[in-house]
Amino acid sequence: MSAAASSAISVAANPLKSLSLSSRSPLPTAISVAIPSRNRDIPRRRLILVACTAGDGSKPTILVAEKLGEAGVKLLEDFANVDCSYNMTPEELNTKISLCDALIVRSGTKVGREVFESSRGRLKVVGRAGVGIDNVDLSAATEFGCLVVNAPTANTIAAAEHGIALLAAMARNVAQADASVKAGEWKRNKYVGVSLVGKTLAVLGFGKVGTEVARRAKGLGMRVIAHDPYAPADRAHAIGVELVSFDEALATADFISLHMPLTPATSKILNDETFAKMKKGVRIVNVARGGVIDEDALVRALDAGIVAQAALDVFTKEPPAKDSKLVQHERVTVTPHLGASTMEAQEGVAIEIAEAVVGALNGELAATAVNAPMVSAEVLTELKPYVILAEKLGRLAVQLVAGGSGVKNVKVSYTSARATDDLDTRLLRAMITKGIIEPISDVYVNLVNADFTAKQRGLRLSEERVLLDGSPENPLETITVQLSNVESKFASSLSESGEVKVEGRVKDGVPHLTKVGSFEVDVTLEGSIILCRQVDQPGMIGTVGSILGGSNVNVSFMSVGRIAPRKQAIMAIGVDDQPSKETLKKIGEIPAVEEFVFLKL
């Protein structure tokens, strides 16, 4: 084995400049790649990746389905034929879309599979004027060769300002007092508020909006703490914010402001269990996504006095029901999703999305693209199992990090018998970044935006290639992901030098986890995994297996790696279903089990 060739990935101010495609260079036709299904009963789908411009020299047609600022519309009109048709029914949209090359929507228009089917291949770009793309079927867009772009930055200040407005209005009962006076009452004693100065505000989600809320809260004399696994500590310290664990944020906050995306990991993250951990009399502001709060649990917390007040701009279902107990609660202040509703933000979003759509129609790859990477069919076919391995290793590694410690430095090592110039790792690097960032982020990471997204979040990723002797039949032998300067919730995942370390390889086309920390294991990366550090002794496999079987949890694979007989060992257990808390507790109570962790893939 030769010495490793190591190089850090540096990101230029415009990370896509070297990837940009212009009309001077011919663009590829659609690439069709067979994606094998794991279930033999399901036919293979074909993934179509395509880059397109108007090929006949005529102007493209852009359909604007929801109100867009005039500056954005003007920018579009300078480039294309623009059809502004608002309040269309789904049937009207499906009828019109076959005549359009691009579609721009906000949050109110659902762009599902039927839209892409109805376009008959003409629709090349969907632009979402805003951050979230819950209303766009990304899978269908990719399958039909349609690029999806969004506008994630223009409404940052507006959302932060609205968060602060709700914070102050809630603390001083502004909405309730206003309604009382207009009803002819004068009840000064009823609407005595609380002061903000000296109180602790916990910002959950320290991205763009969360950071701006923190800046403004500091100006109001508040002590600000924050929880975000990906927030750079230096950025937080620079504005006087302390990064803490999730539980610490809940336990110490007088006010909580939510700024996290809605993902499977954050759905109903504020629930009966987490409300019970809060300081009695806490006040909650949400200008992020409605689904991050269990609304029924919030009503119960308000009635029990755990939550003194809440100020909400977003709801699980919008608009909420007229008889909603939460909306009608006397200690809840509500607004109709106004976070981005300032004149300046609306114009900014309009310009940002218009520029992204025009650039995409010109064949440029925008940093705000949220779906298909553009990779040759040959590379996609060969690297497909390694792409899956790379993302799952990233997901495993980040789940091993203890909350509050953050992730800043990632080292990826590839072992391969192929020469450096014969192994394109861009897609693998992007998928590792995707696995690390996506679970608690509203950004969709792919080849186009991976480096840019990592840089925005203060994530530095370096790559190391280790050249092996032998036949280069397979592109890679192993992929290793290491996270440095972090705390681990599973101490055995730490390498001898103190990094969280996971390693994997592809066997017979299936990704496998082969090493955790210094322990050798062998488990397929399907379903979910339980890792246990234990005293190596007879009967452990049977004991754990019996507990899982008794809870109707199917074990797909089990592997034990040990230092030496009768010493410490790591048991890796693949499970098809997520065990209940009670089942996991039983595993933890086995005397020989020293620590364990459940990891969801």
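This is a predicted model: local features need pLDDT of at least 70, side-chain atom pairs count only at pLDDT 80 or more; totals for chains, interfaces and linings use all residues.
User: How do helix α1 and helix α13 cross?
Analyst: The axes of α1 (residues 70-77) and α13 (residues 343-361) come within 7 Å and cross at roughly 20°. Axes are lines fitted to C-alpha atoms, for helices over the stretch in contact, and angles run from 0 to 180 degrees between N-to-C directions. Helices (H or I, at least four residues) and strands (E, at least two) are DSSP runs, numbered from the N terminus.

User: Roughly parallel or roughly antiparallel?
Analyst: α1 and α13 are roughly parallel to each other (angles under 35 degrees count as roughly parallel, over 145 as roughly antiparallel, 65 to 115 as roughly perpendicular and the rest as oblique).

User: Which residues make that contact?
Analyst: On α1 they are Glu70, Ala71, Gly72, Leu75 and Leu76, and on α13 they are Glu347, Ala350, Ile351, Ala354, Glu355 and Val358. Contact means heavy atoms within 4.5 Å.

User: New topic. Where does Asp101 sit?
Analyst: Asp101 is in the loop between α2 (90-96) and β6 (102-105).

User: Buried or exposed?
Analyst: Asp101 is buried, with a relative accessible area of 12%. Buried means under 20% relative accessible area, exposed over 50%, and partly exposed in between (1.4 Å probe, protein chains only).

User: What is Asp101 in contact with?
Analyst: Leaving aside neighbours within four places in sequence, Asp101 is in contact with Pro60, Thr61, Arg122, Leu123, Lys124, Val125 and Leu361. Val125 is 24 residues from Asp101 in sequence and 6.8 Å away in space, C-alpha to C-alpha.

User: Where are they, and how exposed?
Analyst: His337 is in the loop between β15 (332-334) and α13 and is partly exposed, with a relative accessible area of 36%. Asp508 is in the loop between β19 (500-507) and β20 (510-516) and is exposed, at 82%.

User: Where is the cis peptide bond?
Analyst: The cis bond joins Glu318 and Pro319, with omega about -5°. Pro319 lies in the loop between β14 (307-312) and α12 (325-328).

Terms used:
Residues are numbered from 1 along each chain as its sequence is written. Side-chain values use heavy atoms; hydrogens and water are left out.
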